[in-house]
Structure formats: structure tokens, C-alpha cells
Amino acid sequence: MEIPVIDFSKLETGETMALLHEACKKWGFFMLDNSGLDTEVMEEVKALTKAHYKQAMRPAFLASETAKSLSSSKNEHIPDRDWESSFFVWHHPDSTTTVLPDRLRRSMEDYISQLIQLAEKLSEHMCQNLGIRRSHMMEAFSGCRAPSVGTKVAMYPECPRPDLMRGLREHTDAGGIILLLQDDQVPGLEFLKGGEWVKILPSKNNMIFVNIGDQVEILSNGVYKSAVHRVMAMREGNHLSIATFYNPAGDAVISPAADLLVPKEIRFKDYLSLYTKTKFGDKAIRFQSLKAMATHN
């Protein structure tokens, strides 16, 4: 099953906008090519992250309860743990990246400044496809200050018994738009589509993998879908995942965009009055008339 690939450099064209709309509706995820991100910065972020894992994270993971539970599992599946070593940092509006080594922090900040602009542009194109104001998602996500942007950096180490534990268990993402810079060598990520697990191949040429979070599904009134996904533990190789979340602020109130809603309340006799005049017309136009009536009232 071949997943959608969106050429970001051609998003102003009708054909590519239609592909984006279809990917968000039917898949909930897609690959983004020609993102415009600085590939040298992306390579540096990956290299520094791998070095940080080897020096600071790997020893702690090997001594963790997760690693110990696998060696003492007696061939029984472990359903409540994930074979991952990870950390999370916030970037915007407040940053916690000072906990990182200086080189990694500077490189990460450079990468994220570009990525936020990419997420904002994607949000505008999604809104345009939904038929709502291009700025609607950014404004809805802002709360009192601004959208929240944070990154989960995870390494999924090679696992001696991948049959007994997931790298990361099945879930959807709670937030908005997720932009993933992932490993270019080791696989592991899988998304659920039509009842089948789709294997996401390692990202070549630093293509960004994008998936929809629960808040976009809510804001779009269910038109766009957040997709269930997981990471499989692998017997050989470490799988790197750098997932940046373009999320609502903590105080943001997310609800379906008003333009996507049929009026919540209408007297049936009023609907019948409109229906008799438009019975053989386009239902979508009839429902748009209902919205206009509700606004007028």
C-alpha cells in the first residue's frame, strides 16, 4: 500500500491541494517532499541526537525497569511497557531546551524555527481545503498566547525479543499537526489504514512524515482523521524518531469550526419549508442555507 506523497513546493496548485485534502480525509498521514527545510541542519540534528543517545541515554535505558522486564519475561508478551528511550522538550511559546547539550540545543532551535513556519503553512492549506478561514487553526490553537510546540525525541534500540514488546504501543496523537523527522535506515513505524497496518519506510532525502492529531479531527468536525499508529521493536538497528507537535495552547478551547456545522437546532417545520423549495437541488446548498438562516436569527 503506497502512502500519499505531497510535494510542498507545488501546494499552490489545485492538483496538489486535492491530494493533501484526500490524504487528510482518507489516510490521516502523508509524506512531505520538498519541504524547504535546511537539509544540513536536519542531518546535524539527527547526528547530534544519536551521539546524545549513545553518551547519555543508552546506559540509563539498559539499566531501566523496561530492559529488566524483558529479560525476566519468561516468553510472555509485555503489554504495558514500551521499548523506547526518549525525552521531551518545549520550544514555543516557552522553551525548555536549556536541558540539552549546547550544540544539540542550537541545532534543534534552528531546525524548529523552520519547522514552525512549515506547520503554520500546512495549517493554512488544510483550512483552505476545509473551506474555512486560512488562519482558523492557528487562531484556535493560540489560546491566550500562541500554539504550543514541543518535540519528543525517541530512540528505539535494537531489541533481543521484539516479539514480546512494542517499541511504542498503538495510539493516536492528542494534539494537532505532527511533523516527524525519522530514521533513514531502520524501519519500525506503522500506521493503521482500513484495518491493515501500513509499514512506513525509513525517510530518504530527509522527507518529513506528517500525521493528523485528535485536535485537527475535532476542529474539522471529523472530516480529517487522526490515525492509529505504533512503533515495532526491531531486532537489528536503532530507530530514531524526532517528532515535533504543533499543538493547541493548554488553555485553547477546540471545537468544530462553525462553518463546518449544520445548525445544531432547527424546528422541523422550518426545515420542511426549506426542503419543499429545494428538494431536487443540491443538499449541500440546502444545508448552507440553514447556516445562513441560523446566523440571521
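How many bridges pair strand β4 (residues 148-156) with β11, and in which sense? The answer is in the view of β11 below, where β4 and β11 pair over nine bridges in the antiparallel sense.

This is a predicted model, in which local features need pLDDT of at least 70 and side-chain atom pairs count only at pLDDT 80 or more, while totals for chains, interfaces and linings use all residues. Residues are numbered from 1 along each chain as its sequence is written, and side-chain values use heavy atoms, with hydrogens and water left out.

**View 1. The whole chain.** The protein chain has eight helices and eleven strands; helices (H or I, at least four residues) and strands (E, at least two) are DSSP runs, numbered from the N terminus. Its C-alpha atoms fill a box of roughly 70 × 45 × 35 Å, taken along the principal axes. Of the 297 residues, 50% count as buried, where buried means under 20% relative accessible area, exposed means over 50% and partly exposed is in between (1.4 Å probe, protein chains only). Take the contacts between residues at least 6 apart in sequence: 80% of them join residues at least 24 apart. Contact here means heavy atoms within 4.5 Å.

**View 2. The seven-stranded sheet.** Seven strands make an open sheet with mixed pairing, in the order β1-β2-β9-β6-β11-β4-β3. Two strands pair if DSSP finds at least two bridges between them. At the edges stand β1 (5-7) and β3 (85-92), each with a single partner strand, so one side of each has no neighbour in the sheet. On average, neighbouring strands of this sheet are turned by 25° against each other, direction ignored.

View 3. β11 is mostly covered, with nine of its nine residues buried. In a regular strand the side chains alternate between the two faces of the sheet. Here His239, Ser241, Ala243, Phe245 and Asn247 point one way, while Leu240, Ile242, Thr244 and Tyr246 point the other way. Glutamine 182 stands opposite serine 241 in β11.

**View 4. The four-stranded sheet.** Four strands make an open sheet with antiparallel pairing, in the order β5-β10-β7-β8. Its edges are β5 (166-171) and β8 (196-199), each with a single partner strand, so one side of each is left without a neighbour in the sheet. Inside this view, three bridges join β7 (residues 189-193) to β10, and the two run antiparallel. Phenylalanine 191 has histidine 229 as its bridge partner in β10.

View 5. The axes of α1 (residues 14-27) and α4 (residues 102-130) come within 10 Å and cross at roughly 85°. Axes are lines fitted to C-alpha atoms, for helices over the stretch in contact, and angles run from 0 to 180 degrees between N-to-C directions. The two helices are therefore roughly perpendicular to each other, a label for angles of 65 to 115 degrees; under 35 degrees counts as roughly parallel, over 145 as roughly antiparallel and the rest as oblique. Met17, Leu20, His21 and Cys24 of α1 meet His125, Met126, Gln128 and Asn129 of α4. α1 also lies across β1, β2 (29-33) and β9 (208-212), running at about 150° to β2.

**View 6. The nonpolar cores.** The largest nonpolar core has 55 residues, and those with the most contacts inside it are Phe30, Leu32, Tyr111, Leu179 and Ile208. A nonpolar core is a set of buried Ala, Val, Leu, Ile, Met, Phe, Trp, Tyr and Cys residues joined through side-chain atoms within 4.5 Å. Its largest share, twelve residues, comes from α4. A second, separate core of 19 residues includes Ile3, Phe29, Leu180 and Phe245.

**View 7. Two loop residues.** Serine 220 lies in the loop between α6 (214-219) and β10 (229-232), and at 0% relative accessibility serine 220 counts as buried. Asparagine 205, in the loop between β8 and β9, is exposed, with a relative accessible area of 72%. From asparagine 205 to asparagine 34 is 9.4 Å, C-alpha to C-alpha, with the two 171 residues apart in sequence.
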